[in-house]
Amino acid sequence: MTNIRRRYQINGIVQGVGFRPFVYRQATALQLSGWICNSPAGVELELQGSSADLDSFDHVLCHGTPPLALISSLLRTDIPPGEETGFSILPSTGGAADIRIAPDSATCDDCLRELGDPTDRRYRYPFITCTNCGPRYSIITGIPYDRPLTTMAGFPLCSDCQREYEDPGDRRFHAQPIACHNCGPQVQLRSATGVSLGTREEAILEAVRQLKAGAIVAVKGLGGYHLAVDPCNHTAVALLRQRKERDEKPFALMAATIDAARALATLTEQEEQLLTSPEAPIIIVRKRDHTGLSPLIAPHNDWLGLMLPSTPLHHLLLGEHFNQLVMTSGNSSDEPVAYDDRDALQRLSGIADCFLTHDRPIHIRNDDSVIRVFQGGPLFYRRARGYAPRATPLPFAVPPLLATGAELKGAVCLASGTTAVVSQHIGDLQNRSTYDAFTHTISHLSTLLEIRPELIACDLHPDYLSSRFAEESGLPVIPVQHHHAHMASAMVEHGLEGDVIGLIFDGTGYGTDGTIWGGEFLIGGYDRFTRAGHFRTIPLPGGDAAIREPWRMAMSYLYQALGEEAFTCGHPVTSLLPDADRPLFAQMLRRGINSPHSSSCGRLFDAVGALLNIRHRVSYDGQGAIELEALAEGAQEDLPPSDEEYSYRLLYPDSAPFQVDFCPLIRELMAHTADRIPPATTALRFHRTVAAAATEACRRIAAESGLNHVILSGGVFQNRLLTEMIYTALTNGGLTVHTQRVVPPNDGGIALGQAAIAGRRTT
Ligand code: ZN
Ligand code: ZN
Ligand code: FE
């Protein structure tokens, strides 16, 4: 039988995920000779044996790789046979594996079994991990990915761990973060002043006692601190709200097991799948009644943010002690989540009563990912732990570049060749600490990926900190229009080339004409776009104040729809204005003083929320729209289909973008409110009207342009009800509709689009 030899060059997430031991096991089982090593390009290997055995190896390579491995390219060449006998793992040849550092991963089932096995040497060890699970991105300080360049560098392996580390047949072969009771990190419970209240098992048990007594405990997780509290203890939850200065934004819960999660919410199959995945994100799910949870967990909201434990420490803390805990990000409002121990103690000492911490440093903060299921797939609200820094393929090659994102929900993107890597969610770039996190993420990610940007893409808005960063970098800067970037982001995800129609609905984005855009109908591709149409532009009285205070938007819409009658119509929003301010405010509306013009879709939702008296002021971004959606969802079954929509107008001026005018809607909605139609019905009818207008306008563009691919992007498409309506209507009309599945439709996904547009402009 003739021997043949094959050389493989494999790229993707193949380092630090048990890929080499996996190949070793397959090769030795098939009695193939050769070698494997990590290389700057990924993994290289040569195999020699019968052609049948090599074919069986290829089959396994396609179908049975380790759970965290992700092969992006595989190059296979036949070469002349060699001399060696047996199979060996050669030392790394240095350099990074392409652009592939694995994300952090939740504890695997094998480790979980050992964690609960009294005969195992890692029984109840809070840092149990193996090649298939545990921390990665958050502990890597440099490349190549080896223990000395992780935050485990300070924990030399004991002889037992060393043996496992060196045994290619062991689940822990070359797993960099492994450790045990004898050689690894340990937990400690500290008081708010830093005094030790216990270590190891004792620390966990004392934390449990404190939580049962209603205390707020800061818990160190994979990518940062959480604040934990017993969600059934109303007083404790109220205290957390008060100390965190967070009035109404829902708190996420961690359920001990999937069964515990089922008791809190009705879960679909996809939701269960995502909850139990190694990424362990927060899933927004429909909450059950009578769960015993404090109503302060998610006020005015039928939905609940739910996740399962992502570290062994979480398993030990909840375990037999709690079915669920509040696990909200360890920060006060507006700040990035705390991850550094000293910083956490300082920033959280006014909130937490004690700290369940440990001595394995977190190198880079990485918040929990937040996802909602839409049409059987994920719809990202926040993309971070578990997903970043996973790469996204670009449909064409780009030079090494950085895209800095926008302002809210910051995330950056580094790209080179046909690979783009979007960073973890950083936060709203509106303060010093978030800006520091932004610059740290850029430098860390470019080190890990070995990308030295030759140019920078940023938002067209000159005042965003992310745009100023680009301006000050000294590199060539390519500003990208906000909604064009949203559109391109979705195009990249779906590998689209050529022209598409983009329905880009969001809150705020700087337009090419200096006005604020946000209800946009675009046509174009990566290299250019035209604004086919937009929502009718209306003044935002008081500028940014109009975002925080939706009653201002309600007044603005009333004025557009009713004219002077707006001031005398008697709607409750008119009374929010102190009498003394009335003339000035009226002038603002009449003359547009201190009132930038905007076609924002988000502001329309805000205005309607205020007109329905749901919310005159918001305490977090998107609150008005979220509550309006929740209200509408409650009504869905009661509304006769014959009574579907309000009126709107599509205005087609000569040689200018068309406008969607919702003033008729506002007038009818006012009449409805006067007739005491339930707000839920009105809210649903409003959703249907926006969907109908968007659909009609889109169909018209499609008919005129002959294009049939439609992108839905922008923060408004986090609204599942509206997205579903538009998606269904357009799909039924024969168009192909694409929503965002890989990065968020909100500004957290914008850097990906900026990268593609800037990259295309240079090629
Ligand atoms: Zn494991
Ligand atoms: Zn050990
Ligand atoms: Fe946006």
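**Metal sites and aromatic pairs**

Trainee: How are the donor residues of the zinc ion (ligand 1) spaced in sequence?

Mentor: The spacing is C-x2-C-x18-C-x2-C. Bear in mind that this is a predicted model.

Trainee: Where do C111 and C130 lie?

Mentor: C111 is in helix α3 (residues 109-115), while C130 is in the loop between α3 and α4 (159-166). They are 19 residues apart, and the pair links distant parts of the chain.

Trainee: Buried or exposed, those two, C111 and C130?

Mentor: Both C111 and C130 are buried.

Trainee: Which atoms coordinate the zinc ion, and at what distance?

Mentor: The SG atoms of C108, C111, C130 and C133, at 2.3 Å. The angles among the 4 donor atoms run from 104 to 120 degrees, and the site is tetrahedral.

Trainee: On to the iron ion (ligand 3). What are its protein donors?

Mentor: H482 and H486 each through NE2, and D506 and D747 each through OD, lying 2.1 to 2.3 Å from the iron ion.

Trainee: Why is the arrangement around the iron ion called irregular?

Mentor: Because the 4 donor atoms subtend angles of 86 to 169 degrees.

Trainee: And the spacing of the iron donor residues in sequence?

Mentor: For the iron ion (ligand 3) it reads H-x3-H-x19-D-x240-D. H482 belongs to helix α13 (residues 482-493) and D506 to strand β22 (residues 500-510), so this pair ties together parts 24 residues apart in sequence. H482 and D506 are both buried.

Trainee: Which elements hold F374 and Y727?

Mentor: F374 is in strand β16 (residues 370-374) and Y727 in helix α21 (residues 720-732), so the pair ties together parts 353 residues apart in sequence. F374 counts as buried, at 2% relative accessibility.

Trainee: What about W517 and F529?

Mentor: Those two form an edge-to-face aromatic pair, 6.4 Å centre to centre with 80 degrees between the planes. W517 sits in strand β23 (residues 516-524) and F529 in strand β24 (residues 529-535), 12 residues apart. W517 is buried, with a relative accessible area of 1%.

Trainee: Which residues do ring pairs link into a cluster?

Mentor: F505, F521, F535, Y652, F658, F662 and F717.

Trainee: What sits over the ring of Y652?

Mentor: The charged end of R700, 3.6 Å from the ring centre. Elsewhere, R241 lies over the face of F251, at 4.0 Å from the ring centre.

Terms used
Residues are numbered from 1 along each chain as its sequence is written. Chains are lettered from A and ligands numbered from 1 in the order in which they are written. This is a predicted model: local features need pLDDT of at least 70, side-chain atom pairs count only at pLDDT 80 or more; totals for chains, interfaces and linings use all residues. Side-chain values use heavy atoms; hydrogens and water are left out. Helices (H or I, at least four residues) and strands (E, at least two) are DSSP runs, numbered from the N terminus. Buried means under 20% relative accessible area, exposed over 50%, partly exposed in between (1.4 Å probe, protein chains only). Rings of Phe, Tyr and Trp (its six-membered ring) pair if their centres lie within 6.5 Å; planes under 30 degrees apart count as stacked, over 60 as edge-to-face and the rest as tilted. A charge sits over a ring if NZ of Lys or CZ of Arg is within 6 Å of the ring centre and within 35 degrees of the ring normal. Donors are N, O and S atoms within 2.8 Å of the metal (3.2 Å for Na, K and Ca); water is not among the atoms, so sites may look incomplete. Four donors count as tetrahedral if all angles lie between 85 and 135 degrees; four count as square planar and six as octahedral if opposite donors are over 155 degrees apart and all others between 65 and 115; anything else is irregular.
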